[in-house]
Structures are given as structure tokens and as C-alpha cells.
Amino acid sequence: MTQETTFVGFGSNLGDRQELCDRAFALMNLLPLSRVTGVSSYYETEPVDPEGRLGTTWFYNGVVRLETSLSPTQLLDILQETERGLGRDDENRQGPRTMDFDILLFGQRQIDQAGLTVPHPRLHLRRFVLEPLVEIDSASIHPTLHRSMKELLDALKDTSRVKKLSIKPGTKYPTQPACSVPPSS
Ligand code: ADP
Ligand code: MG
């Protein structure tokens, strides 16, 4: 089964943002056919939304790197189900959100189908994506722009504010499988 390296962005600006990001990270560690191989710091980021639909609460954002044998659509389906499980309001998807997942890159694949565009079409325009992405993998090459994530960040015009936090993701819900040691009889 082929494995791909994928990068998933997460963000929350409604409810207990740190708690929600910790849960999202814990759940990503439980994805089938997948292994988390990196996570950025959390960043507190100004909402980027000219129409003001996201509200004024700053986001917690971060990026996870996964090795996965899931297909991109399988991964998206699970991530959307996880968004719902974390309280995402499907009726008002454009509003403030408890959790938003975006598939940023999926190996070097280019996907353009109903409901899924990869690389994410706004990845190279967003400071709140590129700063955490560069923190964990500055050398990955954008499959259509043919530039590294570091080069994209250096060329970025987005002046919205992004503050790296010192909280460590994953401390709250340790992700070692609880049943890794067989119970003694
Ligand atoms: P946004 O993340 O841009 O604020 P949403 O999370 O509401 O918006 O996503 C809107 C739609 O974008 C989803 O229904 C999903 O099917 C679609 N979509 C397209 N490409 C992607 C991608 N790479 N990652 C996640 N969702 C995507
Ligand atoms: Mg999204």
C-alpha cells in the first residue's frame, strides 16, 4: 500500500480553542492507516476575512504532518466527521468554528474534484498556514508553484498577525495507545 506524506492544517476560534486543538491533535493520532510524524506549535492568529463572517475572536492554528495510506477523499471524509464531532456548525460553515481542518498538501498530488482541491488553493496566501508549516517542514515543494514552503513564506504579502505560543500540543491527551501492553492474566 503506498504511503504519502500529507500536511493538515487545523484551526479553532469558537469555544475553548486550546482544548479543541488538543482534542483534534489526539484524534489525528488515532486516524486509521496513518501515523503522525510532526506537529507545529500552536499559533494565535488574527481572523483573515474581509467580509467579517469569522467574527473577531483570534484563532488557534497549527499544522500536523501525517504518513498515510488513506486516499485523499477518505482522509477528508474522516476530518469532516471529526469537525462535526468537535461541534462544527454545518449550517453556518463560514462563521466562527470550533474546528476547521484543511488538507494542505498530499504528497506531490494535484487534485481538483468536487469538494477537494489539493494543494489547498489558499495555502500560499496565508501566514497562519505557512508559519506553522515552515516550522515543521520548510523544504516541502509546492507541486504547482514549484517553490519551497520557506520561499513562499518569504514572498508572502499577508500582513495579518500570527503569534507563536509556547504551549506544547499533545500534552493534555497523551497519544500512546492505551492497549499497547496486553493485560496480564
Ligand atoms: P475554509 O476552510 O476555506 O474556511 P470550509 O472548511 O468550510 O472552508 O471548507 C469548505 C469546503 O472546502 C469543504 O466542504 C470541502 O469539501 C472543501 N475543500 C476543498 N478542498 C479542500 C481541502 N484541500 N481541504 C479541506 N476542505 C477542502
Ligand atoms: Mg476547511
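The dialogue below treats helices first and then backbone angles.

Author: Please note at the outset that this is a predicted model.

Reader: How does the span of helix H2 compare with what its number of residues should give?

Author: The expected span is 1.5 Å times one less than the number of residues. Helix H2 covers residues 72–85, so its 14 residues should span 20 Å. The end C-alpha atoms of H2 are 20 Å apart, in agreement with that value.

Reader: Which residues of H2 are buried, and which are exposed on the other side?

Author: The criterion is a count: a residue is buried if 20 or more other C-beta atoms lie within 10 Å of its own, and exposed if 12 or fewer do. In H2, the residues Leu75, Leu76, Leu79 and Glu83 are buried. They cover an arc of only 100 degrees around the axis, and therefore lie on the same side of H2. Glu81 and Arg84 are exposed on the other side of the helix.

Reader: What covers the buried residues of H2?

Author: The cover includes four strands: E1 (4–12), E4 (59–68), E5 (100–106) and E7. Just after H2 comes glycine 87, whose phi is positive, about 95 degrees.

Reader: How many residues of H3 are buried?

Author: Eight of the ten residues of H3 are buried, so this helix is mostly covered. The buried residues include Arg127, Phe128 and Glu131, along with Pro132 and Leu133. Among the elements that cover the buried residues of H3 are E1, E4 and E5, together with strand E3 (43–45), helix H4 and strand E8 (162–164).

Reader: Which residues other than glycine have a positive phi?

Author: Two cases may be considered here. Leucine 33 has a phi near 55 degrees and is found in the loop between helix H1 (17–28) and strand E2 (34–39). Histidine 146 also has a phi near 55 degrees, and lies in the loop between H3 and helix H4 (149–154).

Notes: Residues are numbered from 1 along each chain as its sequence is written. Chains are lettered from A and ligands numbered from 1 in the order in which they are written. This is a predicted model: local features need pLDDT of at least 70, side-chain atom pairs count only at pLDDT 80 or more; totals for chains, interfaces and linings use all residues. Helices (H or I, at least four residues) and strands (E, at least two) are DSSP runs, numbered from the N terminus. The arc is that of the directions from the helix axis to the C-beta atoms. Two residues are in contact if their C-beta atoms, placed from the backbone, lie within 7 Å.
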